Amino acid sequence: MTLVLGAIADDFTGATDLANNLVRSGMRCVQTIGVPEAALDLADVDAVVVALKSRSTPAEQAVADSLAALDWLQARGARQFFFKYCSTFDSTDAGNIGPVADALLERLGGTQTAMVPAFPANGRTVYQGHLFVGDRLLNDSGMQHHPLNPMHDADLVRVLGRQTPHPVGLAARSTLAQGGDAVRRRLEALAAEGIRHVICDTLDDTDLEVLAEALADYPLVTGGSGLGQALPGQYRRRGWLAEMDEPGSLAPASGGALVLSGSCSWATLGQVAHFLQRHPGVALDPLALAEGEKHVRAVLAFAREHLAAGDPVLVHASADPERVKAAQAVLGVERAGALVEQALGELAQCLVAEGVGRLVVAGGETSGAVVSALGIRQLRIGDQIDPGVPWTQAPLSHREGPLSLALKSGNFGGEDFFSRAFTVLDELTGEEGAA
Ligand SMILES: Nc1ncnc2c1ncn2[C@@H]1O[C@H](COP(=O)(O)OP(=O)(O)OP(=O)(O)O)[C@@H](O)[C@H]1O
Ligand SMILES: O=C(O)[C@@H](O)C(=O)CO
């Protein structure tokens, strides 16, 4: 069997989210961190998800990284390519969704791609081109306060229209209701008018099935992980997948339990508050980080003390919009984020070297920084904790067993996610609970 799907994800939590849905729909999937440098045995693999950190980089860099990933996946013969971005369409007027989609399409010689950000299982739906998070429009969902890419407009046709010189169209719910053939005809009609990007309405999993049926033969699809849950069924129908594969089981987990949170989303802020009512935790302050090493050393000492006592520990930069804005006013948006990411990366390096073996990271950029600091190149996907967030494992040269790692997208997970994650891991791998 050849590689069926080659996916390029613009952040690490998003990559894990997509890999999780592909695995749950029966694909054998490998997630790599960046474009693999060493040879990868793909004999029993249906899908590769390449995780990039390209959501918030300058657009030219995001395009170059995405094309390098595409080249690698094309050389391995993937039948279809998937550009995975956030289900909340995280981007700015400078990019990176438009520029990357344009570049990938051009390299593949395609004339049109569909945009399917929805993930109904996590409350992300699209109607008349407007993105909802639960019952709120995107710009009223908390995403208007995002530290790096505040989302002030829920109309995705308009949002994407500011990121690409090409016209953007809409496949509306009324068309989806008529089935896959009707969607195909709508896309063809739009293509005949020269419409290159088509935002697709999606209200539920049935709509995802309809879209997957219409899109499975496109060279390039783009969107959130919801589409990834529906495409494998279409691949199977076309005979591209041998059978339904079962998710692989994880090795026994061991070592201290640590949560590192750099996400400032509403969901994460609730999860931080919930955890702090039950377990020890410490805040990381970008303003204090800017003053030198003292702050990070104090945080490290706090974490060490509680880990030594066998407690799960939380280190969080997560803060409400006023505090984030105050730090950004002094340091600038980029430097504030970079200081936090660097500190969380260093803490991860240090504490994992000292015995942390169960690690939850909240936030896509944050996960990118932590996973890169740990030098992880590949993740094995296990069962999910909540929709979109599986436990994963990665081998580390200095550890006997693998590091267990959960990369949580900012807005995903129930309020008790941080403590429940460790309980779920213990149930999955049969180890004693630490949380
Ligand atoms: N107190 C703070 N002040 C300023 N910036 C912060 C603060 N805390 C975190 N940040 C930065 O905010 C950014 C949060 O982005 P991140 O992608 O990690 O979370 P998210 O967007 O909520 O998650 P996701 O991308 O998975 O939805 C990071 O760059 C982080 O370093
Ligand atoms: O699609 C989502 O919401 C997530 O996978 C994500 O990309 C968050 O960074």
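Me: What makes threonine 392 in β17 the partner of isoleucine 381?
Reply: A bridge joins isoleucine 381 to threonine 392 in β17. Strands here are DSSP runs of E, at least two residues long, and helices are runs of H or I, at least four long, numbered from the N terminus. This is a predicted model: local features need pLDDT of at least 70, side-chain atom pairs count only at pLDDT 80 or more, and totals for chains, interfaces and linings use all residues. Residues are numbered from 1 along each chain as its sequence is written, while chains are lettered from A and ligands numbered from 1 in the order in which they are written.

Me: How do you know that β16 and β17 pair?
Reply: Two strands pair if DSSP finds at least two bridges between them. β16 and β17 (residues 389-394) have four bridges, so they pair, in the antiparallel sense. They form a hairpin with two residues between them. In the turn, glycine 388 has a positive phi of about 90 degrees.

Me: What makes β2 and β16 a pair?
Reply: Two bridges join β2 (residues 29-33) to β16 (residues 378-386). The rule asks for at least two, so they pair. They run antiparallel. Threonine 32 stands opposite glutamine 378 in β16.

Me: Why is the chain called as compact as a globular protein of that length?
Reply: The secondary structure comes to 15 helices and 18 strands. The radius of gyration, taken over C-alpha atoms, is compared with a globule rule of 2.2 Å times the number of residues to the power 0.38. For 435 residues the rule gives 22 Å, and the chain has 21 Å, which is close, so the chain is as compact as a globular protein of that length.

Me: What makes a residue buried, and how many are?
Reply: A buried residue has 20 or more other C-beta atoms within 10 Å of its own; exposed means 12 or fewer, partly exposed in between, with C-beta atoms placed from the backbone. Buried residues make up 55% of the 435 residues.

Me: Why is a set of residues called a nonpolar core?
Reply: Its members are buried Ala, Val, Leu, Ile, Met, Phe, Trp, Tyr and Cys residues, joined through C-beta atoms within 7 Å. The largest one has 137 residues; Val49 is among those with the most contacts inside it. Helix α13 (residues 333-353) gives the most to this core, with nine residues.

Me: Which residues is valine 49 in contact with?
Reply: Contact means C-beta atoms, placed from the backbone, within 7 Å. Leaving aside neighbours within four places in sequence, valine 49 has contacts including Ala7, Leu18 and Cys29.

Key:
Contact = placed C-beta atoms within 7 Å.
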